[in-house]
Amino acid sequence: MQTLKIGTRKIGTRGSPLALAQAHETRVRLMKAHGLPEQAFEVVPISTSGDRIQDRPLSEAGGKGLFTKEIEEALLDGRIDIAVHSSKDMPTMLPDGLELSTFLPREDARDAFIGKAVKRIVDLPHGAKVGSSSLRRQALIRRMRPDFEVVMFRGNVQTRLRKLDEGIAEGTILAYAGLKRLGLEGVITDLMSLEDFPPAPGQGAIGIETRVGDRDIENMLAAIHHAPTGQALACERAFLAALDGSCRTPIAGHATVSGGKLSFAGLIISPDGTEWHDVRLEGEAADAAEIGADAARTVRARAGEKFFDGWL
């Protein structure tokens, strides 16, 4: 067991119930790994621009960085020691001096459907309203059922469920992992398959951002890092980075690691859901980032540069 220097470590996070649940999970794992009491780790909620902007899609407001900017500023200036994030919210380019160094064991990466009158999304009536703020989910919904009206759902999980109860839509899609971490599995009426409804890169994985070269923090986190999840995320984030992925790009990607081997499935899809291109690659888990970048080059070549015009 690594001996830690005395002093409370500050864990930065967004203030949403899900973000706090992820930060508390991180604290519990650190406590157990190092035999330390709860007071050795302080959870510090930080309000982000992404949390405050609720009147328009993130793609119009500035992208994924809106959920991380203020937290990263606190990490850089030493107000917090580590930052806990939903990996799918992390931009592929991080500020100088920071790195996404640690991953907890990944939860189920599938999306979950929550319906009010029907259990499955395919059973919704013609022209039904389905709520989502994710361009990936919107595009996949339109691919599945072009007749649906997709309405924007912003806010945390509880806010989106409340909007559903208010009748703004007849169904919505949320990450299964987030619902599980909040103890809300009971609201799920169906799970979407990875093949028909592939997840966002990083979905279901808690990532921990740190200052580059902070050896004390590196030693502390080494005990809770899950290497297979780290390899899967290296592949998915490389795929996203090579495609210049952001909140403006409907991109899906999911890697699995077993026995030192990695399997990856990626997809790019037009926002209206009418055109898509997918790719599957396998290789050594040690080559995760290279596999992700190769997959991006493959799918880009299949799609052609014109495919990205106007929406990258």
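Which residues are linked with Arg-14 in a network of salt bridges? Lys-88 and Asp-89 are. The model is predicted: local features need pLDDT of at least 70, side-chain atom pairs count only at pLDDT 80 or more, and totals for chains, interfaces and linings use all residues. Residues are numbered from 1 along each chain as its sequence is written, and side-chain values use heavy atoms, without hydrogens and water.

**View 1. An open sheet of three strands.** The order is β11-β12-β13, with antiparallel pairing. Strands are DSSP runs of E, at least two residues; helices are runs of H or I, at least four; both are numbered from the N terminus. Pairing takes at least two DSSP bridges between two strands. β11 (251-258) and β13 (276-284) each have a single partner strand, so one side of each lacks a neighbour in the sheet. β12 (residues 261-269) pairs with β13 over nine bridges. Ser-263 has Glu-282 in β13 as its bridge partner.

**View 2. Helices across the sheet.** Helix α5 (residues 135-144) lies across β11, β12 and β13, at about 75 degrees to β12. Helix α9 (residues 227-242) also lies across these strands, at about 150 degrees to β11. Angles run from 0 to 180 degrees between N-to-C directions of axes fitted to C-alpha atoms, for helices over the stretch in contact (heavy atoms within 4.5 Å).

**View 3. Salt bridge between Arg-181 and Glu-25.** The closest N and O atoms are 3.6 Å apart. A salt bridge needs a side-chain nitrogen of Lys or Arg within 4 Å of a carboxyl oxygen of Asp or Glu. Arg-181 sits in helix α7 (residues 176-181) and Glu-25 in helix α1 (residues 17-34), 156 residues apart.
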